[in-house]
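Visitor: I would like to learn how to read ring contacts and strand pairing. Please take me through them.

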Amino acid sequence: MLPLQSATLAPPVAIEAVHAKGKKSMMSAIEAEAAHQQRVALGALGLLGLGAITSPLIGLAGLPLLGYNYIYLMRKMRAAYQKKSKLAVVLFDTLSVSFTLFLGYFFITSVLFTVLFTTSRLVAKTEREAQTDFSRIFGELSETVWLLKDGVEIEVSLSSLQAQDMIVVNAGDMIPVDGYVAAGEGMVDQHLLTGEAQPIEKKPGDPVLTSTLLVSGRLQVIVEKQGAETLTGQIAKTLEHAATFKHKVQSRGDAIVEKGALRTMLASAVALPLIGVSHAIALSYSGFGYQMRTSAPLTVLNYLRIASRNGIFVKDGRAFDVLHHVDTVVFDKTGTLTEEVPHIERVIACNGFSEAQVLQYAASAEQRQKHPIAQAICRHAQQQGIELLEMVNTDYAIGHGLRVELRDAEQTQHSIMIGSERFIRNAGIVIPEALEALQAEAGDKGYSIVYVASANSVLLGALELRPTLRPQAHDAIKALHALGIKLYIISGDQEKPTRHLADMLGIDNYFAETLPADKAKHVERLQNEGRKVCFIGDGINDSVALQKADVSVSLHGAATIAQDTADVVLMTPDLLHLPYLIKMSAELQKRMNNSELMNTASGIACVSGILVFGMGIGGAIALYAGGLLVNISGAMLPLLEHPDKRKQ
């Protein structure tokens, strides 16, 4: 067997630095340590190999290097023993290396150390790159920002910012804080947070978010959130939580190794008087399960990297173990299958007014409102190139509508009412039968009708708003059906609109009129039927159901508690990520099973070679190293099979 105690994964805090865009990533402390020991082992290997074919004196120069590697390794073993973790493995590692060295197999020992520290370095490097990929899915932030103070721009550290500070962001820079624009204009690419394909225009008063990119222009931004409250702080918090993944991804390999260590020691002890010391030590390198100590964490780390490259942040390694067993997916409706902001399906004009006039009056009345319906109306007006009228005065009728005074370019004032059917009827305005029929149909399907009227009781028209489905929602549903997964929608809406959405998406099952407290009960009922449930939601009221599910998925930009609770966060709201992740989980499990099978086959070949053909230590180590190389190659292969889409 080959001792791989030092090949365990380092938590994220061990990473010394991941530089911002354009800078080279530094090694982690563990990676640098492994690289140093690797160079020493290679030096010993070279000197001992050269001494074997030239002069033994040259080989002697390699012995101090072997001693250096050995002392380092024994310190690592001692530290592991003091932690009282995997005592059988630690004892076996110590005995195997010590016997090989002190029986004079110096060249073979140098080969062992070279393989050991090379694999240790590879694991540490892969983990560092995985952590870098995790950070990149949030966007790469500079370590410094330009603070505007007394009219002068001063470069300060990002961590030193306080709320209400004003910073300057130039074109090409990531916005490093959550805040709002105080001055300037620019186009901001915020697809990492919202999935919007096109850059969004930002002007004074508009909010901006961390890790969005200023494509053009120049902004002065007031800091609203800083420190742990910003997305930057959430990144650090999330990565800290991901450190627990270390133990989860190694658990399978470690469990196999722990069982195999005692059995292998026992077999070597029994074989000692029968086949001699040399062959008994060779038998210990049969290494049943030992290759899994490296291949298991490497494999899972690489799949986590693949996920992060595709905008999927797997916070909990357990999710990869469970996802391929999932046979039921439950979607929360609002904010998950549908976006928060609806869209205008059509504009209906009445009493001689045009659709453009109805839209102009509606958008002008709603231009200062922030609720989703107002956003939908104003966005549609902007897309249609509608010029808004000046707002003079606003009178709120909470929950029902608005009364506003507008002024056009000729300084003519217009008194406009906009709101619900109830609001319009209470004003004594008659709604035509055609619009009443539309209102009834909309109510059954979960659509909204917003009416626009003048203050002198003339109905100008109405706007029909429909929920906006998430991009690729239909394709995601089809892909999940193809995997044989049963789908449910869960919603607080009434039965008819929930059923309409389910029919539209091709989902057979739904729970309507569900109170927030009952969402978890529905998940639990499905689990009691023997189902493995994945719940995907984004709201505060989804948090209990997210916690209850076997695997929980949320969307980046969702409620903080939903993101904190979820095992998986989709960094872009592309629901096709979900079937892709389930397929990756099944692929990962298949690869892990193949690795375990290959490891067992290598062990059987080693035992057979020793007992049947009298193979010695050198042959046993060569066979083990070859099997380890094949397993590591298999662990790294997924990175080639799933290329980085960001580089395409």
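Guide: We start with aromatic pairs and then turn to strands. This is a predicted model: local features need pLDDT of at least 70, side-chain atom pairs count only at pLDDT 80 or more, and totals for chains, interfaces and linings use all residues. Residues are numbered from 1 along each chain as its sequence is written, and side-chain values use heavy atoms, without hydrogens and water.

Visitor: How many aromatic pairs are there?

Guide: Rings of Phe, Tyr and Trp (its six-membered ring) pair if their centres lie within 6.5 Å; planes under 30 degrees apart are stacked, over 60 edge-to-face, the rest tilted. The count here is 4. Among them, Tyr70 and Phe102 are edge-to-face, at 5.6 Å centre to centre and 80 degrees between the planes.

Visitor: Which parts does the pair of Tyr70 and Phe102 tie together?

Guide: Helices (H or I, at least four residues) and strands (E, at least two) are DSSP runs, numbered from the N terminus. Tyr70 lies in helix 3 (residues 63–82) and Phe102 in helix 4 (residues 87–102), so the pair ties together parts 32 residues apart in sequence.

Visitor: Is Tyr70 buried or exposed?

Guide: Buried means under 20% relative accessible area, exposed over 50%, partly exposed in between (1.4 Å probe, protein chains only). Tyr70 is buried at 13%; Phe102 is exposed at 62%.

Visitor: Which strands pair with strand 5?

Guide: Two strands pair if DSSP finds at least two bridges between them. Strand 5 (residues 178–189) runs antiparallel to strand 8 (residues 212–225) over 11 bridges. Val188 has Leu214 of strand 8 as its bridge partner. Strand 5 also pairs in the antiparallel sense with strand 7 (residues 207–208), over 2 bridges, and with strand 6 (residues 200–202), over 3 bridges.
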